[in-house]
Amino acid sequence: MKKYVYFFGGGAAEGDMTMKNLLGGKGANLAEMAGIGLPVPPGFTVSTEVCDLYYKSRKTIPAGVKAEIEKNLKKLEKAAGQGFGDPKDPLLVSIRSGARASMPGMMDTILNLGLNEKTVAGLIAKTSNPRFAYDCYRRFVQMYGDVVLGLKPVNKDDIDPFEAIIEQKKHEMGIESDTDLSADDLKDLVARFKAAIKNKTGHDFPEDPMKQLWGAIGSVFGSWMNERAIAYRKLYDIPESWGTAVNVQLMVFGNMGRDSGTGVAFTRDAATGADTFYGEYLMNAQGEDVVAGIRTPLPIADLKKDDPKAHAQLEKIRHILEKHYADMMDIEFTIQQGKLYMLQCRVGKRTAFAAIKIAVDMVDEKLISEKEALKRIEPDQLNQLLRPIFDPAEKDAAIKGGRLLAKGLNAGPGAATGRLVFNSVDAEAWAKRGEKVILTRIETSPEDIKGMNAAEGILTARGGMTSHAALVARQMGRVCVAGCSELAIDYGRHVMTVNGKTLKEGDWISIDGTTGQVIEGKIQTKPSEVLQVLIEKSLDPKKAPVYQTFAKVMAWADAHRTLRIRTNADQPDQSANAVAFGAEGIGLCRTEHMFFGEGKIGPMREMILADTLEQRKIALAKLLPLQRKDFAGIFEVMAGRPVTIRTIDPPLHEFLPHEEKDQRALAAEMGISYEKIKERVASLHEFNPMLGFRGCRLGIIYPEITEMQARAVFEAAAATKKKGIDVGPEVMIPLVGHVKELAHQEKLVRQTAEAVMKEQGVTFKYLVGTMIEIPRGAITADEIASVAEFFSFGTNDLTQTTLGVSRDDAGRFLRPYVDKEIYAKDPFEVIDRDGVGQLMRMAVERGRKTRPGIKLGICGEHGGDPSSIEFCHLIGLNYVSCSPFRVPIARLAAARAALLNAPETKTSKAAKSKKAGRKR
Ligand code: PEP
Ligand code: MG
């Protein structure tokens, strides 16, 4: 019979950490911790497969699974020595979700399940603590009422209905803090909560523990499809089909008095990556109190005073876990009357800074290999290292000028400036219309996820370094200042006061997530440390620790990648930036971009407006020295690295003005009639310019343009070579669909090259090749390769022509297409592997068949996208080319593609199967 439920506890477990797909992250790690002898309260995991069954059975739990759960419940009763629903000594359990990938706070949790009017008496008798028992009961009814029975706030500015009842009660009693509520007050709250539930749902609160259990398990499975879980999955590419597991576990109590407590911690600093135990705890508190930000918790170091034994034990566990998992872990623990329990461990989320630092440090500590370190850093995380910081002088001036409003916790490093908004709906709406916003909340909750994503930065009044705001902001790479208790926020009026100043919605504010400072007004940002070292060359690398770590990772990436990384650049300064970032060549120089530069658009327009070949040649002669200068500048910077220069590509009308006012001005400037310009623009009009007179078609009809461009390239190459600098020109013909198109252009280019070498008395090597960017080019790649010495995939055009989707007009429907999952990703951002990708694969095979040594690359925008880079690696391209600022990301992505797709060696396979078989 198929197994759906896995037990853990008492030093053994039916599952282990390799079973994440089946048991979810939480379940697999609870099993692992139990298996290695850490103190884990016993329990069982209902597998993710049941989630699927639940939805297939019209949201019910199949009878067979129910029976298996009941059997495991018996086992749990035995392990705990208590009975579920036993009025004398009741077993209480927690019910928690746990998907394959961690989705913090996105799904539902219920604690203290099993309490009712009878069992609460048993809990009182057992603990002699009626206040504690009613506090548990009150929390249980509140959570169950919210999660299972649906009593939640309706509008964005509403407060929670249960919190409203608590506030009312406190008001009646004339008390301020929850901790001043007596056992009788809490008992009364339970009654009021139940009445509110009856009032809203028409049903009594379920007293039968089994009924409570089925309701809770069902609602955890149900929460897989709640709005915030769906939004989160979209954001992090988590497939709906994965489902969640449900963990049912013996309750342990952090709220049993002063010798009890609860906390969360990271085995290293999740913000900076420093090797320090980093966490928070609260004594006499339960469950979500620490992360919910309701009370500001204490730093973990203080636990040494509060409970030295538990602190020492935790320090030990911290090292055991890091060694066992060889990673930075995120843990949850509870101390019940001086006894420590581990409730969760998972690989800890971290900032990009921390991810990189921890990976590098762990290589130094010999915990992991270089390869493993590379696998752990997501290429896009490098973006965070390239992001701006505040200009220190401006920030100093702002602080000296009295604009420092307050200081909170430095929860998500970086600098952000934006306008104040007080809820997520507004944050999203403002960001949509192009405003930069700082989302400012008393505390955030999982409902705020979309607003947090839309904001530049997040500021909260409550909560610690591990609060929801802090965790999620770090994961998203958002700047975050949390727990800034000086802020008094009034959601209703959309204002906040801080140290006597009042700021309203829309006011500018700046937050420094590295120091925790909150500053009034705008502050200019400046380039990151990496940019200061590499691009501005204004910072000594020895004084730049972040840069040093970055450089180490880049060096390792370079050692493991097989793809070369080039850049798309049209100017010497862009090329220099790209080289500083590690580019090994230029994969695409769009010559037409140069025509918009200083002094060039005039002769270009003259060329287009020319009536005769003679006139056109006169205009081209003016363009020649200008282009030659540009190319020479690039060759010098690139110093012998390959430089792919593409002949003119866009339709000519793009170079002429379309407004009457501009056309008249041009006519006056050129001394020709306005009518003539108007008539020429009209004659160049095309219904589908992208499929019209562009690409190699221009050079075939006007060969003199190709000749001029080839001459500019080769004369620049000759001049650079004469200066003693090596050159690597590669002339690329765009939009080729037929080998004869390429042959025509190739002949011109080669004739020009030979002529220039003879004239200048120098020789240099050069290549002639083509873009593969229309389907016919890919299909006939074997023929085209008989002429082309290289192919560069123009995946922008190849995507538009393969999909029949105009890259300029796709905006209207492509987003909804992605939302509807017709395409999983925007195919103009990430290569559509099944469509466009198959054409690329075919072209690679056919091209290599004709010319085995053919050079293959990509220069469409996809060349900077990690998933597309992986695909390029898989089909065997030689290089990818991307924008200069994405070069570091491409280097890392290429290394990861090589490592993650390396054929498994015999030894690693054997090690894996040994591990998998260890406990079964
Ligand atoms: C392409 O089509 O992918 C390409 C690089 O060329 P362009 O974007 O200039 O058309
Ligand atoms: Mg193109």
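I take helices (H or I, at least four residues) and strands (E, at least two) as DSSP runs, numbered from the N terminus. With that settled, I looked up T351, which sits in the loop between β11 (339-347) and α13 (352-364).

The model is predicted: local features need pLDDT of at least 70, side-chain atom pairs count only at pLDDT 80 or more, and totals for chains, interfaces and linings use all residues. Residues are numbered from 1 along each chain as its sequence is written, chains are lettered from A and ligands numbered from 1 in the order in which they are written, and side-chain values use heavy atoms, with hydrogens and water left out.

**T351.** I find T351 buried, with a relative accessible area of 1%; buried means under 20% relative accessible area, exposed over 50%, partly exposed in between (1.4 Å probe, protein chains only). Leaving aside neighbours within four places in sequence, T351 is in contact (heavy atoms within 4.5 Å) with A270, A271, Q384, P413 and R474.

**Whole chain.** I count 38 helices and 32 strands in the protein chain. Its radius of gyration is 33 Å, close to the 29 Å that the globule rule gives for 920 residues, so the chain is as compact as a globular protein of that length. The radius is taken over C-alpha atoms, and the rule is 2.2 Å times the number of residues to the power 0.38. The C-alpha trace spans about 105 × 65 × 55 Å along its principal axes. Of the 920 residues, 55% count as buried. Among contacts with a separation of 6 or more, 68% are between residues 24 or more positions apart.

**Magnesium.** I looked for the protein donors of the magnesium ion (ligand 2) and found E773 (OE) and D797 (OD), 2.0 to 2.1 Å from it. E773 is in the loop between β29 (767-772) and α31 (775-779) and D797 in helix α33 (residues 795-803), so by DSSP runs the pair links distant parts of the chain, 24 residues apart. Both E773 and D797 are buried. Donors are N, O and S atoms within 2.8 Å of the metal (3.2 Å for Na, K and Ca); water is not among the atoms, so sites may look incomplete.

**Salt bridges.** My search of the whole structure gave 63 salt bridges, each a side-chain nitrogen of Lys or Arg within 4 Å of a carboxyl oxygen of Asp or Glu. E365 pairs with R268, the closest N and O atoms being 2.6 Å apart. E365 lies in the loop between α13 and α14 (370-376) and R268 in the loop between β7 (261-266) and β8 (278-283), so the bridge ties together parts 97 residues apart in sequence. E365 is partly exposed at 35% relative accessible area, whereas R268 is buried at 1%. I noted another bridge between E789 and R750 (2.9 Å, N to O). E789 is in the loop between α32 (781-784) and β30 (790-793), and R750 is in helix α30 (residues 739-760), 39 residues away.

**Backbone.** N499 has a phi near 45°, positive in a residue other than glycine. I place N499 in the loop between β20 (495-498) and β21 (501-504), and it is exposed, with a relative accessible area of 55%.
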